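Subject: Handover of a structure for your review

Dear colleague,

Please find below the structure that I am handing over to you. The findings follow directly after it, arranged by topic.

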Amino acid sequence: MSERETIITVSHLVKKFGDFTANDDLNFEVYKGEIFGFLGANGAGKTTAIKILCGLSKPTSGNATIAGFDVYTQKDDIKNSIGYMSQKFSLYEDLTVTENIRFFAGIYGMTRKDIKIKTQQLLAKLELEDSAKKLIKDLPLGWRQKLAFSIAIVHSPKIVFLDEPTGGVDPITRRQFWNQIYEAAAEGVTVFVTTHYMDEAEYCDRVSIMVDGKIAALDTPQGLKQTFEAESMNEVFIKLARVAVNN
Amino acid sequence: MKHFKGFVIKEFYHIFRDRRTLAILFIMPIIQMLLFGYVVTNEIKDAKIGILDHSQDVVTRKITDKLASSGYFIITKVLSNETEIEDCFRKGTVKEVVVFEPDFAIKLERDNKASIHLIADASDANTANLIVNYTSAIVNDYVTKENKTVTIPMQIGIESRMLYNEELKGVYMFVPGTMALILILISALLTSVSIVREKELGTMEILLASPLRPLQIIIGKVMPYAVLSFVNVITILLLSNFVFGLPIQGSILLLLLECMLFIILSLSLGIFISTSTNSQQTAMMISMMGLMLPAIMLSGFIYPLENMPLILQWICHINPSTYFIIIVKNIMLKGLGIMSVWKETLVLLGMIVFFITMSVRKFKIRLE
Amino acid sequence: MQTVVVDNLSKCYKQAVALKNITFGVDAGEIFGFIGPDGAGKTSLFRILVTLLLPTDGTATVLGYDVVKDYKKIRNKVGYMPGKFSLYQDLTVEENLNFFATIFSTSIEENYHLIKDIYSQIEPFKKRRAGALSGGMKQKLALSCALIHKPEMLFLDEPTTGVDAVSRKEFWEMLKSLKNSGITIIVSTPYMDEASLCDRVALIQNGNILKINKPDVITTTFEKKILAIRSSNMHKLLSDLNSFEACDSAFLFGQTIHYTAKQNNLMMPELQNYLTGLNHLQVEINPIEANIEDCFMSLMNQAS
């Protein structure tokens, strides 16, 4: 395999809240255009790490660069090079589809002309032309999530962070959503995703599993299953996280 | 009964663990009391006035002396003709000029009628209003006293259309008003917010699915705030007594009972608000705009009812604070008994019945 | 005996229809699961059964009581855990439990044996505020609170949503042992893989029940044959399969793609040739048994 371009580099990253160490010496790299699964039990420190990587919070010590920008000094550059979407907040429910697209494209400084073109493309791709003037709250959840993802990458970010993007979505829409992820990755967008669906972990190029603030394992799904002699990612996850519970 | 007690204990935990609620409960009343007491009082003290005496006789001098010795006025200017009046106001040296007509005493003797012209600096309308009222009061006081010795009643016409403030004790006026304001705010605002918070959190769902009855939920919610509001009443009365030197003239027991009545009314208003809204913000906005503002502006607290346009007067008459202020004034300041306030008391009672019925009716046993 | 009987139940809101004429029954002592995505109507159904909502049409009884007329009796006898974490965040673990015990006129001591297995895991943190608990612990506390009054039935609305795989596994183990103590449990979940942990499941979508049965019966009676296919380039494989003329459906499933064919005619040799013709490497094609998710998606497609 040839040398791949890294887009996220994290070394010896530590984040403490008082006595509590949320992230304990994290070390990993994410390559350009890969789908990187970021798994862990509730409270293992995933959210804390994502906040640091998005430039929303400063680490206690250690280094991290996102798209070549330093998390300590270049927060604004980081925010311009990433997209973010979560299950909890994605779109404004009381705005229409087009208004949401225009707003989010606008805050990333896209020109009015570009926004217009992008809006058309996006609506066509998602087959949402007829619903362009509908309020978000009147759309089915699945459509909303697909639209939210498209909007998260509307400004062509280098990396997109997806925090449990498919929670509660029906199985067919969930797969359509992953198709979107694949397409984005094929266009060179790096995808950093968290999920509680273990089958989705299999769709990732590489997966890291966090346990108690540390990265307990990082490999391809295939590699992890071999290492832990497991049939599925679910089994890998349970084997790893159970150790933590029993300690 | 046991589950009811558990509910009340839980409410107290919420209150004592939330610093904001605690601040609103215990610090705000004191601050408001001091604020209104020292800043927004209706009192005038050492107001500068001028005298233009065209008559210069015994009566006009007596009246001038009375004004000077009242403690409210300082005579800083004695004018000699009308042209100086405007000059005084322009320089701001006086707030009011008292003009006695020529041959004042003679006219009074001969016709039993004489007139005084009061000209006030109306750029500060409120103060002007007060000063004119005070001056008129002092002149009238003089007339009353003189009338005891003469057989034919004499009249001094005072040319000013300002209203007569019969209390003449602005310093005390703010206590009943502040009391109304604080009780409305704490009882209504905090209860409505605390009920709506349960809706927002989703805990109302569990409470409703439990065997608790709506009335138990309502009363359990209201009880702690009733107790704490009562503590506030005591604080206000102590403050007004020891800091502002205002004694309670009437029956303390009656006063406390009336306060309790008003607290219950405010609480039922709070519940009523909470049954009609689903977010803490809305509940807060309604309490602020719908209750607090009227309690200040439309209750006779700061602005006298009689000066208002008719429509606003009607609003005053459906505003519970208006009645409560009258009750407190009568008991606390005038030392009157229940006979003087029974009408107002009945109005408050009626309002309680109305709002509680409405709330229980509107409080749903289900989610929609 | 059936603990829940629902007959032709409908629920309409101003703008949307949440439940469309659904009918089902739940046997005493079973774990009955509602499996379906958000917006399927699960929460509306649960709220009707715990007497928080009125049905628009149809009838429902819980423990023999009508959900409209006898709501007070039902409220005394069931435990309910809403979908949103609904405990007082500013109260400690113990205070929360105590509160829910008292509003049902009981005490922690009286029913401690019921919650011992669950509560003992969070008891070391009983002085901690509920808001400061981790997701798994919150869930254990919520379950303890729903159990403290010794309900005859438990309604758990999406108890495992947003919870990690380990906590989910533990949670289902707790439900198993509760079931063994004789409590009927109705639970909803968007996770298809949890279906196999229920005695019977109802697959629900857009206010319709697509199917009700034992999970293994649903999967074994699935009439379509399924192939699990993989190659070195999964994304390309997916689009290639979708453009194969005999393809009925192709869905990603973990590391493989589940493929069904029109008229159930798999044409495996043709498929193999087709894929090799498109330069797919390391192609593996294996017939497999359907799982609940296969069934669900197939039923979804039929319904729409």
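Two residues are taken to be in contact when they have heavy atoms within 4.5 Å. On that basis, chain C contributes 33 residues and chain B contributes 26 residues to the contact between them. Please note that this is a predicted model.

The interface of chain C and chain B

Between chain C and chain B, about 2,800 Å² of area is buried, and carbon and sulfur atoms account for 58% of it.

With regard to secondary structure, helix H2 (71-77) and helix H3 (93-103) of chain C each supply at least two residues of the side that touches chain B. H3(C) gives the most to that side, with 5 residues. By class, the side of chain C that touches chain B comprises 18 nonpolar, 7 polar and 8 charged residues.

The interface of chain A and chain C

Chain C also meets chain A, in a contact that takes 32 residues from chain A and 31 residues from chain C. The area buried between chain A and chain C is about 2,600 Å², with 59% given by carbon and sulfur atoms. Within chain A, the residues that lose the most area to chain C are A:Asn42, A:Ile172 and A:Arg175, which together make up 22% of what that side buries.

How many salt bridges are found across the interface of chain A and chain C? The number is 2. A:Arg175 takes part in a salt bridge with C:Glu293, and their closest N and O atoms are 2.9 Å apart.

Four helices of chain A each supply at least two residues of the side that touches chain C: helix H6 (171-186), helix H7 (198-202), helix H8 (221-227) and helix H9 (233-246). H6(A) gives the most to this side, with 7 residues. The side of chain A that touches chain C has 14 nonpolar, 8 polar and 10 charged residues.

A sheet in chain C

Chain C contains an open sheet of 4 strands in the order S2-S1-S4-S5, with antiparallel pairing. Strand S2 (17-27) and strand S5 (65-66) of chain C are the edge strands, each of which pairs on one side only. Strand S1 (residues 2-12) of chain C pairs with S2(C) in the antiparallel sense over 7 bridges. As one detail of the sheet, C:Val6 has C:Phe24 in S2(C) as its bridge partner.

The domains of chain B

Chain B is divided into two parts: domain 1 covers 2-40 + 171-362, and domain 2 covers 47-159. The C-alpha centres of domain 1 and domain 2 of chain B lie 43 Å apart.

Yours sincerely

Terms used. Residues numbered from 1 in each chain as written. Chains lettered and ligands numbered in written order. Predicted model: local features only at pLDDT ≥ 70, side-chain atom pairs only at ≥ 80, totals over all residues. Heavy atoms only, no water. Buried area = accessible area lost by both parts, 1.4 Å probe. Salt bridge = Lys/Arg side-chain N within 4 Å of Asp/Glu carboxyl O. Nonpolar A, V, L, I, M, F, W, Y, C, P; charged D, E, K, R; others polar. Domains from an automatic or database assignment. Pairing = 2+ DSSP bridges.
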